[in-house]
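Please consult the sequence and structure shown below while reading.

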Amino acid sequence: MSIQNKSTEDLIELRLALQEDTRQLRDEIRAISIELDRRHDMDVAKKLAADLSPAQREALRNELAQQG
Amino acid sequence: MPIQTLSVAREKTVVALILNGRRVMAMPWQTADELRLAIREQTRAARAGTVTAEITIRSGSAVLSVRHEGGLVLLIGDGRLLIDMPPIIAERLWRSILVQARKAEEVAKAGQIALDQALLIRSGAFFGLTDHPVIRAEAIKEAGHNRLLRSAIPSIRSTEVFGVPVVSHETRSPYLQLRDLAARMPRDQRRAVLATLAKGP
């Protein structure tokens, strides 16, 4: 059914529903982006950690522990 | 003449010439730009064998002159010959100075660049004016929160995630990279990094 045949009230309701769906989708996309970023950062961190000497690991652990 | 090493260094907005490990001259980016133009001109003249006047550049108390003689480009500091080099080396030198001068200029004008970049981001033009991470971060903040920009270009939701794709070349040590990465992470993720470090290789 084309939107030309819908009543104004129906269209307003439909628009509200679609806006809500869009909002939810955007929130989900944002949450997924944050999670992907987090995983990417962890992958990078693991690779960098593998390049550190035992002394550097210890020094960095202490430095990070101080930051809380 | 024994083997000489000449390099160009930069500390924030200052460009320095280092000869055999010793700092010969430190100058603001504007002076560095003048110097690279002088070296470029003398390099071209040395190649072509044309006669040109010596070019003198002053920065604070230091005086640096550039001229060419017998096909070589000469750098003279306070009346003493610092180094003479064939045009091919002189060209590498002025190109290095150019790169460092541009970087120094970028730092000196960081605030303006960040605002310009913010305007571009907000207007939807997704290309980068800079690949300096701090300036980019500032631009993203400005694009999202600058009141004047938001009222002038209100079409973008202020909660939208902004970003500009860049190619960056990482030259820092893994230690510094990991330290900075962890510092940007939320606390729970930082703990995960700590656990990774504790596990050992």
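## Interface between chains A and B

In this predicted model, 24 residues of chain B are in contact with 22 residues of chain A. The size of an interface is often given as the accessible area lost when the parts come together. Here the two chains bury about 2200 Å² between them, 67% of it on carbon and sulfur atoms. On the chain B side, the residues that lose the most area to chain A are B:Tyr175, B:Gln189 and B:Leu197, which together account for 28% of what that side buries.

Four residue pairs are in polar contact between chain B and chain A. Helix H6 (174–184) and helix H7 (187–199) of chain B are the elements that give two or more residues to the side touching chain A. H7(B) provides the largest share of that side, nine residues. By residue type, the side of chain B that touches chain A divides into 14 nonpolar, five polar and five charged residues.

## Charge pairing across the interface

Side chains of opposite charge can pair when their charged atoms come close. Between chain B and chain A the count is one salt bridge. It joins the side chains of A:Glu63 and B:Arg179, at 3.6 Å from N to O.

B:Arg179 also forms a salt bridge with B:Asp180, with the closest N and O atoms 3.5 Å apart. B:Arg179 counts as partly exposed because its relative accessibility is 27%, and B:Asp180 counts as partly exposed at 24%.

## Salt bridges within the chains

Over all chains, the structure holds 17 salt bridges. In chain A, A:Asp27 pairs with A:Arg23, the closest N and O atoms being 3.1 Å apart. Both residues lie in helix H1 (residues 8–50) of chain A, four residues apart, about one turn of the helix. A:Asp27 is partly exposed, with a relative accessible area of 35%, and A:Arg23 is partly exposed at 40%.

In chain B, the side chains of B:Glu138 and B:Lys141 meet in a salt bridge of 3.5 Å, N to O. These residues are about one helical turn apart because they are separated by three residues in helix H4 (residues 133–145) of chain B. A network of salt bridges links B:Asp33, B:Arg36, B:Arg102, B:Glu105 and B:Lys109.

## A buried threonine in chain B

B:Thr31 is located in helix H1 (residues 29–48) of chain B. Its relative accessibility is 9%, so B:Thr31 counts as buried. Apart from neighbours within four places in sequence, B:Thr31 is in contact with B:Ile57, B:Arg58 and B:Ser59.

Note on methods: Residues numbered from 1 in each chain as written. Chains lettered and ligands numbered in written order. Predicted model: local features only at pLDDT ≥ 70, side-chain atom pairs only at ≥ 80, totals over all residues. Heavy atoms only, no water. Contact = heavy atoms within 4.5 Å. Buried area = accessible area lost by both parts, 1.4 Å probe. Salt bridge = Lys/Arg side-chain N within 4 Å of Asp/Glu carboxyl O. Polar contact = N/O pair within 3.5 Å; in protein donor to acceptor, adjacent residues only side chain to side chain. Nonpolar A, V, L, I, M, F, W, Y, C, P; charged D, E, K, R; others polar. Buried < 20%, exposed > 50% of the residue type's maximum accessible area, 1.4 Å probe, protein only.
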